[in-house]
Amino acid sequence: MDPQSQTLAMILESADPAPFETLIGHLMSSSNDQRSAAESLFNLAKQSDPNSLSLKLAHLLINSSSPDLRAMAAVLLRKLLTRDDSYVYPRLSPHSQSVIKSILLTALQREELKTIVKKLCDTVSELASGILADNGWPELLPFMFQCVSSDSPKLQEAAFLIFAQLAQYIGDILVPYIKELHGVFAKCLGGPNRGGAASGDVKIAALNAVINFIQCLSSSSDRDRFQDLLPAMMHTLTEALNNGQEATAQEALELLIELAGTEPRFLRRQLVDVVGSMLQIAEAESLEEGTRHLAIEFVITLAEARERAPGMMRKLPQFISRLFAILMKMLLDIEDDPVWHSAETEDEDAGETSNYSVGQECLDRLSISLGGNTIVPVASEQLPAFLAASEWQKHHAALIAIAQIAEGCSKVMIKNLESVVSMVLASFHDPHPRVRWAAINAIGQLSTDLGPDLQVHYHQQVLPALANAMDDFQNPRVQAHAASAILNFSENCTPDILMPYLDGIVSKLLVLLQNGKQMVQEGALTALASVADSSQENFQKYYDAVMPYLKAILVNATDKSNRMLRAKAMECISLVGMAVGKEKFRDDAKQVMEVLMSLQGSQMETDDPTTSYMLQAWARLCKCLGQDFLPYMSVVMPPLLQSAQLKPDVTITSADSDNEIDESDDEGMETITLGDKRIGIKTSVLEEKATACNMLCCYADELKEGFFPWIEHVAPTLVPLLKFYFHEEVRKAAVSAMPELLRSAKLAVEKGVAQGHNESYVKQLSDYIVPALVEALPKEPDTEICASMLDALNECLQISGSLLEENQVKSLVDQLKQVITASSSRKRERAERAKAEDFDAEEGELLKEENEQEEEVFEQVGEILGTLVKTFKASFLPFFDELSSYLTPMWGKDKTAEERRIAICIFDDVAEQCRDAALKYYDTYLPFLLEACNDQNPDVRQAAVYGLGVCAEFGGPVFQPLVGEALSRLNVVIRDPSAQQPDNVMAYDNAVSALGKICQFHRERIDSSQVIPAWLNCLPIKGDLIEAKVVHDMLCSMVERSDRELLGPNNQYLPKIISVFAEVLCAGKDLATEQTTNRMITLLRQLQQTLPPAALASTWQSLQPQQQLALQSILSS
């Protein structure tokens, strides 16, 4: 026996508790050595003698006089009884199990210290959640009911704490006791306040338990049995407030907010009372800010509970108006702090209070959740009074409010643009600089949220107003903000709108660059960059004036205080370079690269913004210089890979722990709660990682085969990030990069620059990338990214599909089934939401937008199947058969036009690529196809008539019996009076093409002397350029073989044929391939020789003058 095991045996077997107490004490020691020695003994005990260890810990709970040891024992015991890797309960003897259970209940009764009672409750709940289901602790529930009805507030509270946790972990076990629990909750929450403060704690514990219990009930009728407790639940809150116990009230509010988020409809019947009470709390200025903010959070949470209670809050306009007024009042809580004016970055928010920030954030959330039809009327009613008042704070508040509600109200505000814009522009002349700043801020925000409408209709008013604001040298904050607003304006703007203002704007920005304070210079740089980006080659005329200033800043701004200035100069130079192009930028590019390279080599502090700006600047320089950038890659790539490989800086605590991460302390932290864990993530790290991943994607895309040497480093970096669930941008970038890497490898092999690698390298890379994408698909939580993944997968298949093995195709098809199923179930959930009592038109709009994302997913599935069918032809059909039960429902009348179109396109691909092997599907799909030819939707018609043409070409005898019906269906499309309108022309052209194929492949089944001239009459077709080439080639072939029905008796249709040729030839390369054009010219020359002169002359006369001229020049050349 080794010395460690001997020591352990002595501790565990000793009748004296002291050695064991010492061991547990050492686990809490501040000395590292002592603690790690104790940890290794403790871990050995878990492995070798869990019985003695657990019993010793249990006895500490009731025998130790030290509170620290009792608390530690409760925590350690809970960890041993948690069902994870170190779960020891099943390894204990029945005797030990029974002793531990009984000691835990005894300890609960004896323990006097509240903090330890809470830890004991956690331990009991943890153990119970693992064994109650198998009747492993029959004494527990009777004990808890006994505690609840006892006179001891401590035991009542403990029982409710345990009920709350059990409802979270194993709620279904409590459901049979619903009647008893209802009675217990009613008695406690409704009972008079006996004996001071304790009862408040008991009520909060009961409130926690009842809210958790309501959440665990799956049937709404079960939940409704607790409706009658809602007044008592609310009373817990008001009673605490009336007794001045705000901490207790805040706990109650947090619990009610949780209920509002998860079961908003539970509150529906008493909504008016509940929301009314909350607004009363929010309006009560005698209460702490924290309490009032929580009451507001409750109402906003209800407004945001769209998925569970759509439209419910929009039914309470009087409350929305009250809430809006409360939030407006909070925006007045702002001081005119002198340091705000100094335009130093660290004082950006000087004078703003926590009331102000909550008001600002909540206006944004409220308008996004309720929409413009609800919010704009309230704002229109309340804001004019603020704008007419004499205090600057009120003007400021109105302008901030307009900016905050713009995103959620954009559709409605766009309809009232005139009044919104003039309201804001009027404040550009306000005497108070903070009001002018807020007006500029509003214009910037409106340019983003209401663009491009605002830019198109109001550029004459907005741009001169911003240019004037840039002259306000007395107020650098105003100047800087005007420059930033130019950025917002130009991001949503076309070059032709900016053009007339460029001279004025660029010269002002140059003045600011030379004379302004640092914040002003930074704003000017950002604005210049954006203006260059939006005006592209129009910026060339300013290049020589602007670039020397930019280079000077890049070279000279070397102090720590100027870091951001230099970073923005990099951004500006690279965007200007991209705008003016390689020829103009080339000479300066070299110098700029030298500076960037020396910076790259220097040691930068972790919070230096230069890194992320530099990553982006390099990538833009690469886009500008193309292959000329290759020599710099060895400098750029190592740090870029390092940034892409950053590990997320994550801290994990339990969601209910006392040492919560205080979000307000560190603005760079974002917290999410997953189950019972709270996860804090450092956002700056994630943003740098996302930028780096995006840049890697840019390089691969730009440099193509030139990127080959880096693939072996980049692929293993990015592939695992397909499942990086901390940050969407990282996943998006990783997804976009996958096809770029494959394409780079394939091109490098084809062009012989793959450092000796051959096709097998591409296969190896494809075997790494494709399965990783396939595996990430069903796990992707975001519908939009799911669609991008499918799109990337399709691109990969187009590059290396033929290299796939059968098992890889099989797993891809299995995941596609999952994708279709998941998408259908999301749509079903939405359809359920549409049945909710308060569902209204605005919810309908939002629902439609969400469903359009599902169509995007299905479209990508269709694209992938098309690629697989093109790649594997008939050998893909067994997989297609497997999928058919997922695809056939999409042809249904209940599906959207887009879904029907995609389903038809999938069949079209199968019929076209698999030819004879696909004939077995005709019986099933052709009736659908024929019906769809006359669908209301032109895109569905186009897909259907195209499919009909494919079946006519390859269907042989199987298609023959349907020729008659096909003709009449096509006839309806072609003869429709609106057939040639822009929306319908693609369907028309495809119908003409299909008709041509019936003439070509099934002539014996038609009256060709009628049908062929009718077909000729439709030519040329000019909408669908792909079909045009097919059809005009077919016409050519028929003329070459002197088709009798085409030429007509006595060649009477010849003038029409020649005029079609003339139109096709005049259109250049659009309507026919080069080969077809040459054949047409040859035919026309032959006709010139062979036709009698009179016939030729009358044909010539029937052409339009410009066609005559064009033909003359073509034929004589």
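Tutor: Helices (H or I, at least four residues) are DSSP runs, numbered from the N terminus. The model is predicted, so local features need pLDDT of at least 70 and side-chain atom pairs 80 or more, while totals for chains, interfaces and linings use all residues. Residues count from 1 along each chain as its sequence is written, and side-chain values use heavy atoms, without hydrogens or water.

Student: OK, where is H432?

Tutor: In the loop between α22 and α23. Helix α22 covers 417–426, and α23 covers 433–449.

Student: Is H432 buried or exposed?

Tutor: H432 counts as buried because its relative accessible area is 15%. Buried means under 20%, exposed over 50%, and partly exposed in between (1.4 Å probe, protein chains only).

Student: And what does the H432 side chain make a polar contact with?

Tutor: With the side chain of D336, at 3.1 Å. A polar contact is a pair of N or O atoms within 3.5 Å; within protein, one must be able to donate a hydrogen and the other to accept it, and residues adjacent in sequence count only if both atoms are side-chain atoms.

Student: New topic. Which helix has E740?

Tutor: E740 sits in α36, a helix made of residues 728–750.

Student: Why does E740 count as buried?

Tutor: Because the relative accessibility of E740 is 11%.

Student: Which side chain is joined to that of E740 by a polar contact?

Tutor: That of R743, and the contact is 3.1 Å.

Student: What about E728, where is that?

Tutor: E728 is also placed in α36. With a relative accessible area of 39%, E728 is partly exposed, whereas E740 is buried.

Terms used:
Helix = DSSP H or I, 4+ residues; strand = E, 2+ residues; numbered from the N terminus.
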